[in-house]
Amino acid sequence: MVLRVLGKMMIPFIMLFALYVQFHGDYGPGGGFQAGVIFAAAIILYGLIFGIHNAMRVVPPDVVRVLIAAGVLLYASTGVAGLILGANFLDYDVLAKDPIEGQHIGILLIEFGVGTTVAAVMITIYFAFAGRQR
Amino acid sequence: MIFQSITQHLPILQVVLPLIAAPLCVLLRRPALSWLFALAVTWASFAISIALFIQLEHVGTIVYELGGWPAPWGIEYRIGTTSAIVLVVVSGIGSVVMPFAKASVTAEIEPARHYLFYTCYLLCLCGLLGVVATGDAFNLFVFLEISSLSSYVLIGMGRDRRALTAAFQYLIVGTIGATSIVIGIGLLYLVTGSLNMADIATRLPEPGTNRTVLVAFAFLGLGAALKLALFPLHVWLPNVYTYAPSAVTAFLAATATKVGVYILLRFIFTVFGAGFAFTAMPLDTMLMALAVAAMFAASAIAIFENNVKRMLAYSSVAQIGYMVLGIGFATVGGVAAGLIHLFNHALMKGGLFMALGCIFLRAGSVRREAMAGIARTMPWTMAAFVLGGLSLIGVPLTVGFISKLYLIRAAFEAGLWPFGVLVVLSSLLAVAYVWRVVETAYFREPSTEAARATEAPLSMLLPTWVLIGACVYFGIDAELTVDTAFRAATSLLGAQP
């Protein structure tokens, strides 16, 4: 009972913290990888307390699998966007009028791609191991 | 204008194309659709590698800066003649195996997993190409891990349950190899403060003055030797080749160990320099000793092997010995012979393993007893196997002959004629193991499996014959391979005075 109540209280904050680490990564410590792990930890905590069935209802495994691919795609297509706009692969300068703003947008997109894939992979690993008995 | 900008970005497209295609394959999901998509991507990447190869005729090295950051700070891709050869081999084999894979994968892997198979295949291709294209030491490690991790999955998909233990064994050994490579890179970074390979080479202290460099050299050598399955670190290889799905065996046998050889070459010649590796350190003696041991021990084991796939796996270990022997000579001729054999062996082993894939599809087994008399029911497949086998022995008019000719010539030029004799003697062992299969397949009464078998489908037979045909073509007209290999070897050895 205590676990359920506390867990319900904690999970939104864990997710919020994940988003903070994600989008604050270019100013302070953090970034996509750490944020992805924290976000996945929130889902895994939910799964541990309320059962894997409920966790799978919240984030269906098929959707998670699509997210794994989507994160990598976001990363790669950000790189290719630079290439199409006339610079080298992964050159963010050309993503906006101002090179500094371009770098900013570039790294945000890249890190978001990393975060998505890392979170999705962590959740998939958890589902794979926890769902083994059935 | 657009065409020009594409040619300018070829080095990165070579690697990024399969990287983007892999997650798209996950999204496609339908077996036939993901196969078609993967096929298009592998062919496109083969076209890119050929375009790069042609581009190199005009410029010495192609350099590409990722993100527009200049070299020692940013990651740069650096493609020279050696890397161009390996790129063509890897992407070429990757694109020939793809049409073959359709029927073979359908028979050996459950349909629900097909899209994952093609995803991993593309990732593995991306990793192998990345290792070769990059000029950054840490980037090399990352791509090596991409290719290794995806190949563990590919191997584990084999129908035989022992595929899982083979994949696990490879995972352990491969991880040890990758770890020692990353330790070596870390130590080099400690000494030089750089991760760019060309930059490291200029910053390395004089040989013999820094012990950290020695340790880094040892770790990198060990890691590369594990990855290229140099005798006696080859133990993972036979199980992997035997139990992996046929298409995976054909692909990995022709590419993965070759990329291992490339890593060895890259670190010896362009990072440490031949002077350090061969004069200050006794690497040449070690390589030659281990290569000769591989040539004889692995060939001898191959003779007594009843599973033909495993027999060819041991033969691969022996053939890797020839490549390493050439490198061990530490002369232009020797390194060129190693590179020639790298190219040629990819053709013949790719073709041979694909022929075995055909037999596995129809007869359900590649044990020698099951293959008795199979030449009557599968004449085209067995004819391909015989030609590939002849090439393995080194019969004139096949690529194997060209390889051995230049290897023996290099031995004599280097004043190491006993090694030339050893190459000929070890070829006799190849005659023995190839003959055992040929004798069984042609002159025995058909086994029940062989009698039931029918000729393999054209989609598998054709790619097999493309590689076997290339074996004969490059065996007759070797000018292109030999010229390019000598150019590559000259630039590798010329990098250091």
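Q: How do you know how far to trust chain A, and what is its mean pLDDT?
A: This is a predicted model, and the predictor's confidence runs from 0 to 100. Chain A has a mean pLDDT of 89, with 99% of its residues at 70 or more. Local features need at least 70 here.

Q: Which helix of chain A has the lowest confidence, and which the highest?
A: The lowest is helix 3 (residues 52–58) of chain A, with a mean of 90, and the highest is helix 2 (residues 32–50) of chain A, at 93.

Q: What makes up the contact between the chains, and how many residues does each give?
A: Residues count as in contact when their C-beta atoms lie within 7 Å. By that test chain A brings 15 residues and chain B brings 13. On the chain A side that touches chain B, you get 10 nonpolar, two polar and three charged residues.

Q: What share of chain B is buried?
A: Buried takes 20 or more other C-beta atoms within 10 Å of a residue's own, and 63% of the 497 residues in chain B are buried.

Q: Where do the domains of chain B lie, and what makes up the contact between them?
A: Domain 1 covers 1–176 + 232–260 and domain 2 covers 282–497. Domain 1 of chain B puts 28 residues into the contact, and domain 2 of chain B puts in 32. Helix 4 of chain B gives the most to the domain 1 side, with 13 residues. That side of domain 1 of chain B splits into 16 nonpolar, 10 polar and two charged residues.

Q: How do you know what span to expect of helix 22 of chain B?
A: Take 1.5 Å times one less than the number of residues. Helix 22 (residues 479–494) of chain B has 16 residues and reaches 22 Å from first C-alpha to last, close to the 22 Å expected.

Q: Which residues of helix 22 of chain B are buried, and what covers them?
A: Among them are Thr481(B), Arg487(B) and Leu492(B). Their cover includes helix 4, helix 11, helix 15 (332–363) and helix 21 (458–476) of chain B.

Definitions and conventions:
Residues numbered from 1 in each chain as written. Chains lettered and ligands numbered in written order. Predicted model: local features only at pLDDT ≥ 70, side-chain atom pairs only at ≥ 80, totals over all residues. Buried ≥ 20, exposed ≤ 12 C-beta atoms within 10 Å, placed from the backbone. Contact = placed C-beta atoms within 7 Å. Nonpolar A, V, L, I, M, F, W, Y, C, P; charged D, E, K, R; others polar. Helix = DSSP H or I, 4+ residues; strand = E, 2+ residues; numbered from the N terminus. Domains from an automatic or database assignment.
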